[in-house]
Amino acid sequence: MNNPSAAPTNPPLITGMNRRSQILRLLMRYRNSGVCSGMNLEAAGAPDVPPDGNPEQFVTDLESLGPTFVKLGQMLSTRPDMVPVEFATALERMQESVAPIPVERIHTIIEKELGAPVSTLFASFDPVPLGCASIAQVHRATLRDGREVAVKVQKPEVAAQLRSDLEALRSFALAADHLTQVGRRVRLRDWLNEFAKTLVQELDYQAEAENLQRFGQHLRPFKPLWVPQPVWDYCSHRVLTMQLADGVRVDMIPDIRRTEQSMDPLAAALIRGYLDQIFVHGEIHADPHPGNLRVTHDGRLAIFDLGMVAHMPPRLRERLLKVLFAAVDGRGEEVADEIIAISTRLESFEEERYLRETGQMIARYAASNHYSEGRVVLDMVRIATASGLRTPPELSLIGKALLNLETVCRLLSPTLDTRRIVEKQLQHVMRARLKKSLSAANLASEAMEVQELLRVGPRKMTDILALLAENRLQMKVTGLEESRLMENLQKIANRVSAGIVTAALILASALMMKVDNGVHLFGYPAIAMVLMLIGVFLGLGIITSALLFDRRARAREERGHR
């Protein structure tokens, strides 16, 4: 969080058409910038606004719309497949700077959440905030036992504004998925739903307290790192009390401090700890920026603000670890194969182009000492998307996390060889994963699987051989009766039958023209004209049905093998 300053206050709660108009105005302003690629909003009756803006102005406009759009901008900075590079770079520098709300309102929230007066809960409570953002405000306090703590308090009406904004954004995302190419390619609504889950989780400070506790346990082997722990009796869904991380930001370390203490161990431990956290424990904190890191007075690196943490399943973890191993070794073809295996191939997927560009990019990385690992991962996402391949969102998050780590490490120790540390730590991670797979619980589970195979395997094989010997082996396909295939076959049969009947009626009417039974219609034999009219109406009905109700096939998407 930033220090409080004379900055705009939080926008009031805005809902309904006024908020949608603000969002639409933003989309219209940047409709030609690549941020909203392919979205045609001219017909939507949008207000007259300037046609374009630069990346810095885009960041300013997002910040002016409040906390939802600040978080949205931070998430967009991890998606080079959705925003142009220059916009993603500007979004990475996005900072919140809002005026603090009166401390009396903070007291009211704390007392409501914790059920006691502030004067009873704390020996002292600093009315001047340590930092404030659009979602929360942090104050220094002292507990009754003398411990110094930081109290993070969620601002009023924030949750209601976030829910309202997310609902408005969902309607735009749904329209974009149906009407635009970029929507069909990245599925904006699915991505927005994941963003909403992460944002709602960040609003729950008990979940953040659990993240602090879990990260503290996982990073304990890395002695230079320290995660402030929550004080559980003083935590609730809207109030988080934790140990005070008193120190200097990593981008404000004075030169005299560097002469007294080498920052190399801190930078190396940060990279090693985060790689271990991602690939051993499966948790991604994608935003370890300088504002969330402090060098404490005792020489450790404090890590906090762990509200937005993504979780990665074990199988995907293994695949992404293989991708990084192959990239570090310069094996471009293997990188491409692994990315394809965990991604979705769209109908427009250009495999040859993807393999060629990925191989060239990995070769450049292997030959250069200035090509960072985070940039490589984000380039993987960019090339895959341009080639018609939808990558898992976790890949972008890892790229953003590595990029932020490299930025912090350059601030701490500009001469540190981060690539060598990444390579060594990846090897350590692989050994740790192998060791974890040899745990007693995992070995017991594998033994039970082998026991089950040995017990039922021979009997199953005997049954199969008996069926083969007696020529009774059958294969049953279930669900065909309810499938779209049967529905479409029935439609085809109905069309063919209606066409045959139509042709027969018209042919019969032509033959009946020669039979004059004395009754005429429009000067022709009545029976012949009736048959002709019925045939014409049936034929027109078939043509109308084909033109109006036959839909184009949906774009084919194919999941990679798992």
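This is a predicted model: local features need pLDDT of at least 70, side-chain atom pairs count only at pLDDT 80 or more; totals for chains, interfaces and linings use all residues.
Residues are numbered from 1 along each chain as its sequence is written, and side-chain values use heavy atoms, with hydrogens and water left out.

View 1. Helices (H or I, at least four residues) and strands (E, at least two) are DSSP runs, numbered from the N terminus. The protein has 562 residues, and 46% of them count as buried. Buried means under 20% relative accessible area, exposed means over 50%, and partly exposed lies in between (1.4 Å probe, protein chains only). A contact means heavy atoms within 4.5 Å. Among contacts with a separation of 6 or more, 69% are between residues 24 or more positions apart.

View 2. A salt bridge is a side-chain nitrogen of Lys or Arg within 4 Å of a carboxyl oxygen of Asp or Glu. By this rule the structure has 19 salt bridges. Asp-246 sits in the loop between strand S6 (239-243) and strand S7 (247-249), while Arg-140 belongs to strand S3 (residues 136-143), so the pair links distant parts of the chain, 106 residues apart. Asp-246 counts as partly exposed because its relative accessibility is 33%. Arg-140 also counts as partly exposed, at 25%.

**View 3. The salt bridge between Asp-305 and Lys-152.** Here the N to O distance is 3.5 Å. Asp-305 lies in the loop between strand S10 (301-303) and strand S11 (310-311), and Lys-152 lies in strand S4 (residues 148-154), so the bridge ties together parts that are 153 residues apart in sequence. Asp-305 is partly exposed, with a relative accessible area of 21%, whereas Lys-152 is buried, with 9%.

**View 4. The salt bridge between Glu-283 and Arg-214.** The side chains of Glu-283 and Arg-214 meet at 2.5 Å, N to O. Glu-283 is in strand S8 (residues 283-284) and Arg-214 is in helix H10 (residues 205-218), so the bridge ties together parts that are 69 residues apart in sequence. Is Glu-283 buried or exposed? Glu-283 counts as buried because its relative accessibility is 3%. Arg-214, at 22%, counts as partly exposed. Elsewhere, salt bridges that share partners join Arg-140, Glu-148 and Asp-246 into one network.

View 5. A disulfide is a pair of cysteine sulfur atoms within 2.5 Å, and the structure holds 0 disulfides.

**View 6. The packing of helix H3 (residues 67-76) against helix H9 (residues 188-202).** The axes of H3 and H9 are 11 Å apart, at an angle of about 120°. Axes are lines fitted to C-alpha atoms, for helices over the stretch in contact, and angles run from 0 to 180 degrees between N-to-C directions. H3 is therefore oblique to H9; angles under 35 degrees count as roughly parallel, over 145 as roughly antiparallel, 65 to 115 as roughly perpendicular and the rest as oblique. The crossing of H3 and H9 is right-handed; a crossing is right-handed if the near helix is turned clockwise from the far one by less than a right angle, and left-handed if anticlockwise. Thr-68, Lys-71, Leu-72, Met-75 and Leu-76 in H3 meet Trp-191, Phe-195, Leu-199 and Glu-202 in H9.
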